[in-house]
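Hello,

Please find the structure below. My notes on it come after.

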2 protein chains.
Amino acid sequence: MKWEEFARPSVAVDVAVLTVVPESQPWLGLLVYRRAGDAHPGRWDIPGGFVQAGERLADTVLRVLREKSDVRGLAPTQLHVFDDPKRDERGWVIAVAHMDAVPHQRLQAAMTRRDDVRIVRVQDSDGRVRVQLPGRFRRLPWDHDEIVTMAVERLRERYARHPDPDGLTSSSDEGMTTTTHAPTVPTWDGGPVLGDSQVHALVAGAETGPAFTLTELRRVHEAVAGRPLQRDTFRRMVEPHLHRTAFTSEGRVGRPGVLYVRDDR
Amino acid sequence: MKWEEFARPSVAVDVAVLTVVPESQPWLGLLVYRRAGDAHPGRWDIPGGFVQAGERLADTVLRVLREKSDVRGLAPTQLHVFDDPKRDERGWVIAVAHMDAVPHQRLQAAMTRRDDVRIVRVQDSDGRVRVQLPGRFRRLPWDHDEIVTMAVERLRERYARHPDPDGLTSSSDEGMTTTTHAPTVPTWDGGPVLGDSQVHALVAGAETGPAFTLTELRRVHEAVAGRPLQRDTFRRMVEPHLHRTAFTSEGRVGRPGVLYVRDDR
DNA sequence: CGAATAGTGTCTCTTAGACAATATATA
DNA sequence: TATATATTGTCTAAGAGACACTATTCG
């Protein structure tokens with residue numbers, strides 16, 4: 001038997017798009033859309049679809065995200081291959097589960113354009129990851145709850161090691177108003193005097209991503225972790241990996257926090 | 001376009017079978033076989049093959065291991081999906097890489113029966129995992145070196161957390177002669193007196209796996225880790241997860257070590 | 001000033017790592 | 001007894017967690 005003659009399964013991808021919704025108490029969100037057409041019509045589900053000839057799986061994920069939810073994803077990560085021949089009643093389908101962490105800002109446009117796309121809350125109840133779907137169903141179809149669980153676990157591992165590796169911190173949003181305040185004297189000795197354009201770049205994040213206080217960053221990490229984190233311990237964890245700016249937040253009660261920018265690349 | 005009409009890739013599995021070869025200085029080994037037939041004939045490679053209709057991927061892995069190397073594997077674990085449409089010059093093939101940790105004892109029969117199956121040494125040189133193949137080739141065909149690297153990393157993560165989770169410790173082999181010595185008085189107070197059959201079960205491993213000293217266990221972990229481990233630190237790591245028997249090793253110079261058995265289930 | 005938030009010093013507990021002292025076998 | 005190996009005690013350094021004290025802003 002030559003290798004071309006082997007039976008071939010259909011190969012599909014499913015993707016759990018996770019984000020942090022920037023409210024005053026940020027929360028972990030999952031992108032879902034309302035199914036139409038073939039199977040489970042009307043039910044909320046995570047996007048998925050079949051690989052096309054010559055396509056890479058990550059590209060399939062990005063295409064499926066555009067088609068089903070009008071969302072431009074970023075960098076899908078493989079999670080697991082679901083290979084039970086009977087998992088899909090429509091035939092022999094092997095599904096490669098993916099996750100993609102996408103800043104809320106990139107999802108908002110699609111959310112306002114379309115009514116069949118939502119971001120739902122992901123919560124832990126007695127040790128399990130649960131999704132708060134609209135409507136009467138409490139679970140995603142097929143084994144898709146399992147994919148979400150894997151995606152959340154993967155994201156938590158990533159965030160336990162590095163400060164906001166996926167850039168889910170977004171200032172300039174309801175509840176998280178962070179205006180800035182330039183110091184009369186720079187904090188460090190002999191530091192460079194920034195020109196206006198540089199200040200803008202730092203503050204607006206044109207070069208280095210948005211600036212944020214450690215409290216804002218911690219709230220994002222708390223949303224991902226699903227539990228409160230220690231203030232001082234968190235600071236000592238992440239501060240070595242960040243760039244401290246000469247600016248502070250403004251506009252709220254209490255002592256203003258120093259603004260940081262990410263220190264990757 | 002209906003879903004059945006999508007183009008379908010061939011789906012294959014590849015498997016890196018890792019083992020610890022029990023010599024006086026145990027070492028980490030990889031199962032390879034000599035390719036025949038279609039592509040890269042004569043080159044040493046890790047086993048792989050195509051999924052058959054209705055088959056689960058893990059079963060494909062076990063079947064392929066039997067067919068190509070006469071080896072009965074155990075519990076394959078998924079590592080990664082290699083999906084570059086041009087990775088195989090023969091056509092569109094998606095490969096799901098697996099690893100399987102198998103005790104050396106289970107591999108020996110196949111090794112003596114067949115000349116085209118070998119266990120080769122896996123070593124770290126300047127931060128990279130390297131395989132010492134027989135013959136003139138220094139690398140595995142296609143992207144299979146990458147699979148071995150992933151497999152070794154995965155195994156190291158597992159072994160960093162638990163004592164010999166895959167049961168690669170095998171006593172009763174050249175260089176690791178571990179006979180036993182029953183104590184005149186049990187070490188613990190009020191401990192149960194073991195009958196002969198129980199003693200045999202403990203020592204021969206009929207129930208709980210083979211008994212071993214902490215030094216033997218540490219040498220296995222050192223083979224996996226690819227570096228020496230601290231004696232006392234290692235003991236404190238693993239001892240809480242083991243069952244101490246009332247027996248000690250025998251037959252070598254120096255103080256005999258206490259025999260332990262695994263404490264899972 | 002009081003309330004609220006940010007920043008930091010310090011204490012404890014745990015653990016890895018290192019070293020050494022003690023224990024028990026063989027030759 | 002000399003040697004080799006196993007076992008265990010202890011010291012140190014690093015890090016997580018907890019707590020509290022100080023700092024800086026707004027109202």
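The notes cover the chain, the core and the DNA contacts, in that order.

This is a predicted model, in which local features need pLDDT of at least 70, side-chain atom pairs count only at pLDDT 80 or more, and totals for chains, interfaces and linings use all residues. Residues are numbered from 1 along each chain as its sequence is written, chains are lettered from A and ligands numbered from 1 in the order in which they are written, and side-chain values use heavy atoms, with hydrogens and water left out.

Chain A has six helices and twelve strands; these are DSSP runs, helices being H or I with at least four residues and strands E with at least two. Of its 265 residues, 49% are buried, meaning under 20% relative accessible area (1.4 Å probe, protein chains only).

The largest nonpolar core has 46 residues, and Leu57(A) and Leu57(B) touch the most other members. Such a core is a set of buried Ala, Val, Leu, Ile, Met, Phe, Trp, Tyr and Cys residues joined through side-chain atoms within 4.5 Å. Beyond four places in sequence, the contacts of Leu57(A) include Val11(A), His98(A) and Val81(B), where contact means heavy atoms within 4.5 Å.

Around DNA strand C there are 21 residues, and among those that come nearest are Arg235(A), Val258(A) and Asp232(B); near means that a heavy atom of the residue lies within 4 Å. A side-chain N or O atom of Arg235(A) is 2.4 Å from a phosphate oxygen of DNA strand C, and for Gln230(B) the corresponding distance is 2.9 Å.

Regards

How values were computed:
Buried means under 20% relative accessible area, exposed over 50%, partly exposed in between (1.4 Å probe, protein chains only). A polar contact is a pair of N or O atoms within 3.5 Å; within protein, one must be able to donate a hydrogen and the other to accept it, and residues adjacent in sequence count only if both atoms are side-chain atoms.
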